[in-house]
Amino acid sequence: MAGGRMHSYHLGLCDLQVAFRTEADPERVERARKYVEERYSRVKAQGGQFGRDRLLVMLLISMADDLLELQERRSREDARLDELLQSLKENTPEKTDTAS
């Protein structure tokens, strides 16, 4: 969130009407809405025989799994960057002041 003024939204999302307030910009909310709708459509196509509540739980689990994967990848990348930085520090000769 940008830390700006609050915006009110009334959206049709996942076969529901939802109203909420957030500081997020309208463009960001719209991108998120489209993403959720696309994901919901995929879950619905795979499990269309289930009711909306179950489809929403399936969507939630799927998105949580994606988030966890991204967090784990980020953690591995951060650890690798730390290793490279440490290696650079260990293998870079220190400058000595030769001005006399």
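Biologist: What describes the way helix α1 (residues 26–46) and helix α2 (residues 52–91) cross?

Modeller: Their axes come within 9 Å and cross at roughly 115 degrees. Axes here are lines fitted to C-alpha atoms, for helices over the stretch in contact, and angles run from 0 to 180 degrees between N-to-C directions. This is a predicted model, in which local features need pLDDT of at least 70, side-chain atom pairs count only at pLDDT 80 or more, and totals for chains, interfaces and linings use all residues. Residues are numbered from 1 along each chain as its sequence is written, and side-chain values use heavy atoms, with hydrogens and water left out.

Biologist: Which residues of α1 and α2 meet?

Modeller: Contact means heavy atoms within 4.5 Å. Tyr-35, Val-36, Arg-39, Tyr-40, Val-43 and Lys-44 in α1 meet residues of α2, including Leu-55, Leu-59 and Asp-66.

Biologist: Why is Arg-39 called buried?

Modeller: Buried means under 20% relative accessible area, exposed over 50%, and partly exposed in between, with a 1.4 Å probe and protein chains only. Arg-39 has 8%, so Arg-39 is buried. Arg-39 touches Leu-59, Ser-62, Met-63 and Asp-66, not counting residues up to four places away in sequence.

Biologist: Which residues make up the largest nonpolar core?

Modeller: A nonpolar core is a set of buried Ala, Val, Leu, Ile, Met, Phe, Trp, Tyr and Cys residues joined through side-chain atoms within 4.5 Å. The largest one has 7 residues: Leu-13, Cys-14, Val-36, Tyr-40, Val-43, Leu-55 and Leu-59. Its largest share, 3 residues, comes from α1.

Biologist: How do you know that β1 and strand β2 (residues 16–22) pair?

Modeller: Two strands pair if DSSP finds at least two bridges between them. β1 and β2 have 7 bridges in the antiparallel sense, so they count as paired. His-10 stands opposite Ala-19 in β2. The two strands form a hairpin with 2 residues between them, and Cys-14 in the turn has a positive phi of about 55 degrees.

Conventions. Helix = DSSP H or I, 4+ residues; strand = E, 2+ residues; numbered from the N terminus.
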